[in-house]
Amino acid sequence: MKTSLLKSIAYSTNHQLPTPVWLAGFLFIVITFSQTLAMATQGKLVITGSSTMAPLVAEIGKRFEAQHPGTRVDVQTGGSSRGLADAMNSLADIGMVSRALKPQEHALHRAIIAHDGITLILHQDNPVHELTNEQIKAIYTGAITNWKRVGGLDAPITVINKAEGRSTLELFLQYFSLTNRQIQAHVVIGDNEQGIKTVEGNPHAIGYVSIGTAQYDATHGVPIRLLPLQHIPATLETVRNGTFPLSRPLTLVSKAPPTELAQTFIEFSQSPAVHDLILKQYFVPLP
Amino acid sequence: MISSSNNILSHFHSDRFLLWSLRFLALIAGSLLVLIVLFLLHESLPAFQHIGLRSFFADEGWYPSEELYLLTPILWGTIWATLGSIMLAAPLGISSAVCIQYYAPPFLAKPYRRLVELLAGIPSVVFGLWGLVVLVPLIARWQPPGPSLLAGILVLSVMILPTITLVTLASLAHIPASSIHSATALGLGRWSIIQRVILPTAKAGIFTGIFLGVARALGETMAILMVCGNVVQAPSTLFDPIRTLTANIALEMAYALGNHRSTLFVSGLFLMVMVVVFVIMAEGLRHREAHAGSR
């Protein structure tokens, strides 16, 4: 990437450009610059926070920009905690938070735009089709280390955990009332895709990821299986109707009261006009 | 009159201009490093103030959400992964360089050399992906869970192998032909010449290659993050998952706040210290070798 860029720079300096090219380049710069100026005068929204929500909010932002000419929506990631901190310190107009808010965070203005569910995934070749909450807890704390004990093959279990600071980890620990110190992990991963790749390559692994991502991959030929929780199947439908136990709201937070532009954006994100975008990201829109 | 414009000893304005601009550029290059160290120190200062240096070596474990920040197992992970890969890649790299230079017939040596050069240009994330989908499942079938110190060592070895090979090759090419001719005239065999004449002469260059390899292994992040498992523990076998300092930063920086974030900068600082200690050790060794050679 870098070398090809260097090469192209070297190339362009070695050859003299014909005049029309220079002219076009100059015009391009002038036009872009004037457009930027026009935007700056109209209004800009800075949105930071959860990496789970960032791709969705970026898509919503694009549609919002198209419908409100002159506005610009700048989406940055950094995790739910950053979203909260930035909204509180006014570093961002809106924060994205992909977990339930803590009581001390209730002072912020908040609006749920969609739901996301977390589920456990196994390799398709693993004969285990269901695990109780107690069994999952025992596997993650190292009390059960062989699939034989939960009705599977005689093989050691590979436990996949998430890295510190991820809201998926926080939600998982909270649901199973565990602390990260109790978990006996064999692999610690960063994002959902890395977890799915690890399960794909190891038939004896167990991990937890967003249902949206997992269902997308499972329906696109990746050999993984989503486990039900408390007999409730892990599907977009059960997350949508709120019956799936391990799910989380995706919330936009801002200082109360939000600015006019922020308020317009939040209402737009909650409207049916963006449901197709939410579904495309494998989240579950509001009813 | 003798014109002085061709006199290189004269102090001309253009010379002085060149001298000062070179000094200025050197200053920029040098101060960049100093600035980076200062930045690291500045960012990690809160951790030293609120947590203290002792905690990094005496806490119960690495649990940032519980304000526990033990870095020792991560340091061990980094050291073992680097040592293991260099022990594997150095003999392989040096011997393949010797093979290309003195044993392989030209029609084999040239493509082989191109292959090594190609290997050097492959981005680390590609090695990481290969490790994750090919190497790790292979190890998992043999000794579960799969992501492990061994996987890290193997991937790192493949990555630093071309560096060591190419630098060694370059230093072999600089050995004066007269030395080799003299040795041949004395009736020494090919292996004896390589062992007694060529390798000792090229020692400094080979050393530089190993040094560059270690530096790359220490700093490698993406591939290591994908194949090592990232569990914070001091490995007791080759099949235990480990976490390195670089992986620690890459894995948690995006989501870290406050003391946690600051401690990740401490990880970076420790990495810097490790590199500096290594450079000093390498320099010391090289000096000793040089003196031993002159005696």
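The legends below describe close-up views of a predicted model. Residues are numbered from 1 along each chain as its sequence is written, and chains are lettered from A in the order in which they are written. In this predicted model, local features need pLDDT of at least 70 and side-chain atom pairs count only at pLDDT 80 or more, while totals for chains, interfaces and linings use all residues, and side-chain values use heavy atoms, with hydrogens and water left out.

**View 1. Aromatic cluster in chain A.** Ring pairs join A:Tyr140, A:Phe172, A:Tyr175, A:Phe176 and A:Tyr208 into a cluster, where rings of Phe, Tyr and Trp (its six-membered ring) pair if their centres lie within 6.5 Å, and planes under 30 degrees apart count as stacked, over 60 as edge-to-face and the rest as tilted. By this rule there are 15 aromatic pairs over all chains. The pair of A:Phe172 and A:Phe176 is tilted, because the ring centres are 4.9 Å apart and the planes stand at 55 degrees. Both A:Phe172 and A:Phe176 are buried (buried means under 20% relative accessible area, exposed over 50%, and partly exposed in between, with a 1.4 Å probe and protein chains only).

**View 2. Stacked phenylalanines in chain B.** With centres 5.8 Å apart and planes at 20 degrees, the rings of B:Phe57 and B:Phe270 form a stacked pair. B:Phe57 belongs to helix H2 (residues 53–58) and B:Phe270 to helix H12 (residues 258–294) of chain B, so that the pair links distant parts of the chain, 213 residues apart (helices, H or I of at least four residues, and strands, E of at least two, are DSSP runs numbered from the N terminus). B:Phe57 counts as partly exposed at 44% relative accessibility, whereas B:Phe270, at 11%, counts as buried.

**View 3. Surroundings of A:Arg248.** A:Arg248 is placed in strand S9 (residues 247–254) of chain A and is buried, with a relative accessible area of 1%. Its side chain makes a polar contact of 3.4 Å with the side chain of A:Ser210 (a pair of N or O atoms within 3.5 Å; within protein, one must be able to donate a hydrogen and the other to accept it, and residues adjacent in sequence count only if both atoms are side-chain atoms). Not counting residues up to four places away in sequence, A:Arg248 touches several residues, among them A:Thr52, A:His115, A:Asp116 and A:Ser210 (contact means heavy atoms within 4.5 Å).

**View 4. B:Ser55 in helix H2 of chain B.** B:Ser55 is buried, with a relative accessible area of 16%, and its side chain reaches the backbone oxygen of B:Ile51 at 2.9 Å.
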